[in-house]
Amino acid sequence: MAQTTAKDHTHIEINLKTPPPPPQPRLSIDSSAADEFGKEQSQRVPFFKTLYSQQRRNKREDAWVISLFVIFHLVAFVVTIIVNDCWRNSHHDCALKPLGMLDEMGALRRTFLTKHHQVWRLFASPLLHAGVVHLIINLSSVIFVGIHMEQEFGPLRIGIIYLLSGFSGSLVAALFLEDRPSATSSGALFGLLGAMLSGLLRNWNFYSNKFAAIVAILSISVINLMLGLLPYVNNFANIGGFISGFLLGLVLLFSPRLAQMPHCKGGLFDNEVTFSVKLRQKLDRPKLRSVSLVIFSLLLAGVIVAVIHGINANKYCGWCRYVDCVPSKWWSCNHKQMYCERAESEGRLTLTCNGSDKFRVFPFTGIKKARIEDLCNLICS
């Protein structure tokens, strides 16, 4: 009995010291990331409140690219105000109305591009605004759309879309220029709108409030297109920027549902699996991306060649000038230079149109020549 008890005791000790079964490799656990990711694809989120945006806000990552562009626009506008000398000239009139010194700041004008070959204006014009109203509406729209897009898809892609859309808009505007200054800063905004539309269409089944997103895109577009009917604000830049942004959005943007991928802190194989799934999702729809890239490249190359050869598209389209500017009693769309007789008396300025009895009296004097030309064109039109 004692011997049997000792054997049983020894047997019990052996069972207690039996090592636990080896752990299963973590690769099988994390390889299910793709399956979990596929399940999360069925979850729909609001367009302006996606999980990726919330995640980036939790990381406190600011939209620094859009903020940097806004600062550039503000600096350019302040410099334009200083050049116009609004504190002493125009009776502070240029602060609220279209600025008359855009030519000196780099605005587009057919004469400067075709005769003087000042190509640098294609890069300077996207920074310019025609006045305070244009500045407020345009930058407010850029902030609303741009910050959302940057938080959604990252600063690099949105920065590329913003810059290329602004440049493409200037190129398209150069084909339809009249002999008056044009600011093309809204082209980059319409590039963001086009990219937003392409992102919405690519991920149509992912968002839950598609109607609200479409209304937002249409509202911002209509407001800025109506603003483009004023002189100095070029609507063809808006059209060119929108087309470029839409195509670039199809090329560069990926699905925001990538942010819902579970982040595992495993070993080397865990990271490789997660990375492979992310890479495969970012490179989805290769045919669509390739075709969009080819179309954008061909359009960009064609417009560049047309601008280099000084083609004037207005010769082939008689009504196109009304897309860019609609005449009104408050402003003139006449691109021909008018001449007025100038008379100053008792702090008042009187401008009389040559060849007619049209005149107007202004309660200020000492305005610059460029502003006088603007007022003369308004009076004589």
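**Stop one: a glycine in a helix**

Start by selecting G199, which sits in helix α11, residues 186-202. Keep in mind as you click around that this is a predicted model. Is G199 buried or exposed? It counts as buried, because its relative accessibility is 2% and the cut-off for buried is under 20%.

Now show what surrounds it. Leaving out residues up to four places away in sequence, G199 touches Y207 and L253.

**Stop two: a helix pair**

Next, select helix α9 (residues 132-153) and helix α12 (residues 210-227); their axes come within 11 Å and cross at roughly 155°. That angle is over 145 degrees, so α9 is roughly antiparallel to α12. The crossing of α9 past α12 is left-handed.

From α9 you want V133, H134, I137, N138, S141, F144 and V145, and from α12 I220, I223, N224 and L227. Colour these by type: seven are nonpolar, four are polar and none is charged.

**Stop three: a hairpin**

Finally, move on to strands β2 (residues 348-353) and β3 (residues 359-362), which run antiparallel and are joined by four bridges. Pick L351 and look across to R360 in β3, which stands opposite. The two strands, β2 and β3, form a hairpin with five residues between them. In that turn, click G355 and check its phi: positive, at about 85°.

Methods: Residues numbered from 1 in each chain as written. Predicted model: local features only at pLDDT ≥ 70, side-chain atom pairs only at ≥ 80, totals over all residues. Heavy atoms only, no water. Axes fitted to C-alpha atoms, helices over the stretch in contact; angles between N-to-C directions. Parallel < 35°, antiparallel > 145°, perpendicular 65-115°, else oblique. Left-handed = near helix turned anticlockwise from the far one by under 90°. Contact = heavy atoms within 4.5 Å. Nonpolar A, V, L, I, M, F, W, Y, C, P; charged D, E, K, R; others polar. Buried < 20%, exposed > 50% of the residue type's maximum accessible area, 1.4 Å probe, protein only. Pairing = 2+ DSSP bridges.
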